[in-house]
Amino acid sequence: MKGWYVSEFSAGNTNSQKARIALEERYWPITEITERFNRQSVSYQLSKRDCLHKWLKYKEGFSAELVRTLLKDFHLQKGDIVADPFMGSGTTALVSMFNGYNSLGFDILPMSKIAIHVKTAIYTYNILELKELLKEIINLNVPEEYDGRTPEIRITKDGYPRETSRELAYYKEHFLNSRYSENTKMLLELCTLNALERISYSAKDGQYLRWDWRCPKIIAAAEAREKTGRKPFVVKLDKGQLPPLKEVLTEELSGVIKDIEYLNNNPSGFDTQCKFIEGSALFELPKIADGTVSAVISSPPYCNRYDYTRTYAMELAYLGMSEAGVRKLRQDLLSCTVENKSKIEQLQDYYKQIGQQERYERTMNIVDENAALQEINNALKSRNENGEINNKGVLKMVDGYFTELTFLFSELYRVCKTGAYVAFVNDNVRYAGEVIPVDFLTTNLAEQIGFTPVKIYTLKQQKGNSSQQMKKYGRVALRKSITIWKK
């Protein structure tokens, strides 16, 4: 077990690590190195083959199996409400509903709104209408004179072959004005969103979009470097022959129809409700009544600089979001990128507006008085002053991340019933040789709010350190954990 226990949080003992060591000692007794969960169950990997869950490739999601396991552990009553403040593609909601529980969730990504609506409507679709739609797609051709293009923003420029961009624009326009039901149109939109990566020059890769060497903007950039005598950069991505939209869309819709037919022929249908709220849980949870939620299963964006507005830029552009809209969305997300600005003033104004200034001050006191968080902030500040952090935005990101999570945990405590369980999946991280024990720190913040820590499941497979950190600071265990708390 010592391989997962951290004894040195500051490489070279450069900065104070007393508070972090104290957390390690405090929560190690409830930590279990487990085989109940693995890298696949806490990621999207298992959902790639799952009926219904595969309708939207959401790389940051977790598996239905994980949710089913936790729901069994929590011993809920039929009709109880299970909440997810970061709903994503809706795995928590759907599994809860199939098991007889109502769901409540929040998300600000427009893909989530579409995915939740489409997936929770599985027993309402007209199969004959869907098959008619499929037949029309197979026979549909873009008129030669059509000159439309799918919308672009800066990051998605030249993201598709020219003909594919025409097809996307024409199909969207054609079916938007068609006679199909709104549910069917929205289902087609989800199928299209799920097809974008396959038909484009792009590939999702962590916090970035990678680009195929044949992408026009990559070719142009390479030519510009050559003209100025700079060393050419090497682009390794080659996606092979990109399939046309019609082929991929036919495949996507055919699979969806099979899933709907299977679910209708093998009814384990739900007499439950899903309440989806479009918006940030930071500002929407305070509107939920006290003591109404019986369990929480969620995974927030990790404190790893990954920017969802870049990872899902192709989808956002397809849905018509502007550059300004993308920038606003990035700021509204939980602070997990170096570009996020502090939300403290916004939160203070909001709580004052709803007449809950005392709740704001109580939560800020917890943030300000948490010894481990302040130790981490000071350590990162010191590393930055020594020139060891390549982007000083990391400092405000880390502070903002845990501050915002503390407000979220505080609201979850309020809306949870006595006896409710809360489960969060998260990764530990490391910046400039400073280990941030996200699992134990969030548990400590939750305990200060009033939750009782129950269990911290840690996966046997640890997260790797970056090659740069390994070379300069050595290797330290970075846990991936599922923290369980109880009200």
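Guide: Start with a lining. Around the second largest cavity, the residues divide into five nonpolar, one polar and four charged. Nonpolar here means Ala, Val, Leu, Ile, Met, Phe, Trp, Tyr, Cys and Pro; charged means Asp, Glu, Lys and Arg; the others, Gly among them, are polar. This is a predicted model: local features need pLDDT of at least 70 and side-chain atom pairs pLDDT 80 or more, while totals for chains, interfaces and linings use all residues. Residues are numbered from 1 along each chain as its sequence is written, and side-chain values use heavy atoms, without hydrogens or water.

Visitor: Which residues line the second largest cavity?

Guide: Its lining is L56, K57, Y58, M111, L193, N194, E197, K204, Y312 and E315. The space inside is about 80 Å³. Helix α7 (residues 182–199) gives the largest share of this lining, three residues. Helices (H or I, at least four residues) and strands (E, at least two) are DSSP runs, numbered from the N terminus.

Visitor: What volume does the largest cavity have?

Guide: About 340 Å³. Its lining has 31 residues, and F86, M87, D107, S299 and P301 lie nearest the centre. At least two lining residues come from each of α3 (91–98), β3 (102–107), α10 (281–284) and α17. By class, this lining has 16 nonpolar, ten polar and five charged residues.

**An open pocket**

Visitor: Which residues lie nearest the centre of the second largest pocket?

Guide: A pocket is an open set of points with protein on both sides within 12 Å along at least five of seven lines. Here, K172, F175, L176, K185 and E189 lie nearest the centre, out of 14 lining residues. The volume is about 270 Å³. α6 (162–176), α7 and α9 (245–265) each supply at least two lining residues. The largest share, six residues, comes from α7. Nine of the lining residues are nonpolar, one is polar and four are charged.

**Packed helices**

Visitor: How do I read two packed helices, and at what angle do α17 and α18 cross?

Guide: Packed helices are described by the angle between their axes and the distance between the axes. Axes are lines fitted to C-alpha atoms, for helices over the stretch in contact; angles run from 0 to 180 degrees between N-to-C directions. Helix α17 (residues 393–415) and helix α18 (residues 438–449) cross at roughly 45°, and their axes come within 9 Å. α17 and α18 are therefore oblique to each other. Under 35 degrees counts as roughly parallel, over 145 as roughly antiparallel, 65 to 115 as roughly perpendicular and the rest as oblique.

Visitor: Which residues make the contact between α17 and α18?

Guide: F402, L405, T406, F409, S410 and Y413 of α17 meet V438, L441, T442, L445, A446 and I449 of α18. Contact means heavy atoms within 4.5 Å. By class, there are nine nonpolar, three polar and no charged residues.

Visitor: At what angle do α15 and α17 pack?

Guide: Helix α15 (residues 357–369) packs with α17 at about 125°, and the axes are 10 Å apart. This pair, α15 and α17, is therefore oblique. R359, Y360, T363, M364, I366 and V367 in α15 meet T403, T406, F407, S410, E411 and R414 in α17. That contact has five nonpolar, four polar and three charged residues.

Methods. On a 1 Å grid over the protein atoms alone, a cavity is a set of points where a 1.4 Å probe fits but cannot get out, and a pocket is an open set with protein on both sides within 12 Å along at least five of seven lines; lining residues have an atom within 4 Å of a point. Grid points are joined across faces, edges and corners, and a volume is the space filled by probe spheres set on the points.
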